[in-house]
Amino acid sequence: MRIAKLACLTLALASAYPMAASAQSNEELLKELRALRARVDSLEQKLKASEAAKPAEAQWGMTQQQVADFNRIAVKTEALEDAQEALGLKNLKISGFADPTYIYNQRQNRGGFQFLNPVANDGYNYDNSYFGGATLDFQKEMEGGTKFRLTLTPNRGTGSVIGEGSIVQEASVSIPLGDLQTRFIAGQVPDWSGYEYQQPTLNKLITHNLLYDFTLPTLYTGAGMELTRGKWLSKVMLANVNTSKRQAGEKAPAIVYRVDYSRGEYQGFGFAGMHGKAANFRADGANPVTGEDYSTRDTAVNLFEFDAYFIRGDWTVQGQLSYGTQKAAAITADPVTGELRNSRWYGFSGLVANKFAPRWEAIARFDYLQNRKNGGGLLGYTVADDRNGIGPDQAGDAERGTNRMAVSLGLSWLYNLNTTFKAEYRMDRASLPVFMDIRSGEYRKSNNVLGTSVVVSF
């Protein structure tokens, strides 16, 4: 570029000083060449001075002030990134929610708000399950893909439901082995069975279905693997069931698993199971026939469930089938020998929801639970329960347990991106009069529950 400019200047000066070689002497020609060279040198110096005077920032289309501001922003950004990493905040996500709830229970003659009430004071019941709580969730992903999660739920989480008084809902790690699709998992995780989720931000209704409340474990404490292969997601663990520590004499962990398949964009299915030993609150002594000691309250359990979903547009359809047994956990012992007998149950739950307006959704759910064998008995419910409607009729045949069903109708209104209002009417019915009416002291076959809640999340 510089040579081209000098060439143009030379040609211009040459045209300004025409020479006739034939009319000039050698001395005159030499003088003109020297003058021409001096002129070129002078112009070259002026060109260099002009280029040096231009601000270097002009080539970016920025003023000097803009460049200074940009440099300050770059320095501050780098400092913030360094501080975030030093404080452990890089790739850290903090979320949470709260759902104050109002519940009216006809047979319990009770109506009022429920929020942060301790499970230990009232037990786990279908009208007092996981709703009415507040949760903080911390999720951290580290370099290399390792993930850590800590979820805290005072009084209303899994740590409280199992009777240990812990505020921990989940504390788990996920470590990639070779690739991000093959992971080692360990810690305390909530049960993953069924189509319904525990947290109210993901559960369409306020209450849970009968299978969720009475046939599924609460949490697992152990270690295992998580595999993602195309449309398949599989998890398996060796774990303690519903306890953070095994007691003396207990040493056989259970195997728990969950497999999901996403058939397409709108539908999929999954199944889960648990096979091993878990607490048995019915087995409180030695078997009078065999002499087998049940005082450890830990007997074999086999659970299996299958669930599926279809979600497209404004429609949601979900369903679940469950089957389970537990050794020596039936409510009624053998009437002749007094030997403890096995409990057994199976059931179905189905849910349909439709967003009939952009912010409004109507929900309907139907549950059925068959539990007649040996006076009944469900996972964790091994005595007659006149609040939840489990067990034989108080004045009837002790060998015959009650079958249960429930119908729930609900509405939800998405007030804004962080707030949802819910309302639910639920009618529970039993094949025998097993619901105690607190006011009259009589037993009824049905019970009605009304509930409203507001779910605020961030």
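Me: Arg 110 and Asp 127: what do their side chains meet in?

Reply: A salt bridge, 2.7 Å from N to O. Arg 110 is in strand β3 and Asp 127 in the loop between α4 (119–122) and β4 (134–141), so the pair ties together parts that are 17 residues apart in sequence. The term salt bridge here takes a side-chain nitrogen of Lys or Arg within 4 Å of a carboxyl oxygen of Asp or Glu. Strands (E, at least two residues) and helices (H or I, at least four) are DSSP runs numbered from the N terminus.

Me: OK, and what kind of model am I looking at?

Reply: A predicted one: local features need pLDDT of at least 70, side-chain atom pairs count only at pLDDT 80 or more, and totals for chains, interfaces and linings use all residues. Residues are numbered from 1 along each chain as its sequence is written, and side-chain values use heavy atoms, with hydrogens and water left out.

Me: Back to that pair. Is Asp 127 buried or exposed?

Reply: Buried, because its relative accessible area is 0%. The cut-offs are under 20% for buried, over 50% for exposed and in between for partly exposed, with a 1.4 Å probe and protein chains only. Arg 110 is partly exposed at 26%.

Me: Which Arg does Asp 127 form a salt bridge with at 3.0 Å?

Reply: Arg 387, with the closest N and O atoms 3.0 Å apart. Arg 387 lies in the loop between β15 and β16, while Asp 127 is in the one between α4 and β4, so this pair ties together parts 260 residues apart in sequence. Arg 387 is buried, at 12% relative accessibility.

Me: Which residues are linked in a network there?

Reply: Arg 110, Asp 122, Asp 127 and Arg 387 are linked by salt bridges.

Me: How many salt bridges does the rule give?

Reply: The count comes to 20.

Me: What about Arg 365, which residue does its side chain meet?

Reply: Glu 424, in a salt bridge of 3.9 Å, N to O. Arg 365 sits in strand β15 and Glu 424 in strand β17 (residues 419–430), so to speak a link between distant parts of the chain, 59 residues apart. Arg 365 is buried at 2%, and Glu 424 is buried at 6%.

Me: Switching topic: how many cavities of 30 Å³ or more turn up?

Reply: Two, searching the whole structure. A cavity is a set of points, on a 1 Å grid over the protein atoms alone, where a 1.4 Å probe fits but cannot get out, and lining residues have an atom within 4 Å of a point. Points are joined across faces, edges and corners, and the volume is the space filled by probe spheres set on them.

Me: How much space lies in the largest cavity, and what lines it?

Reply: About 70 Å³. Its lining includes Asp 99, Tyr 130, Phe 131, His 208, Lys 422 and Val 455. The lining divides into six nonpolar, four polar and two charged residues. Nonpolar covers Ala, Val, Leu, Ile, Met, Phe, Trp, Tyr, Cys and Pro; charged covers Asp, Glu, Lys and Arg; the others, Gly among them, count as polar.

Me: And the second largest cavity, how much space is in that?

Reply: About 40 Å³. Among the residues lining the second largest cavity are Ser 193, Tyr 220, Met 274, Phe 304 and Glu 305. Strands β11 (267–279) and β12 (298–312) each supply at least two residues of that lining.

Me: Last one: what is the phi of Asn 109?

Reply: Positive, about 55°, although Asn 109 is not a glycine. Asn 109 lies in the loop between β2 (101–105) and β3 (110–114) and is partly exposed at 43%. Asn 374 also has a positive phi, near 55°, but Asn 374 is buried at 12%.

Notes: On a 1 Å grid over the protein atoms alone, a cavity is a set of points where a 1.4 Å probe fits but cannot get out, and a pocket is an open set with protein on both sides within 12 Å along at least five of seven lines; lining residues have an atom within 4 Å of a point.
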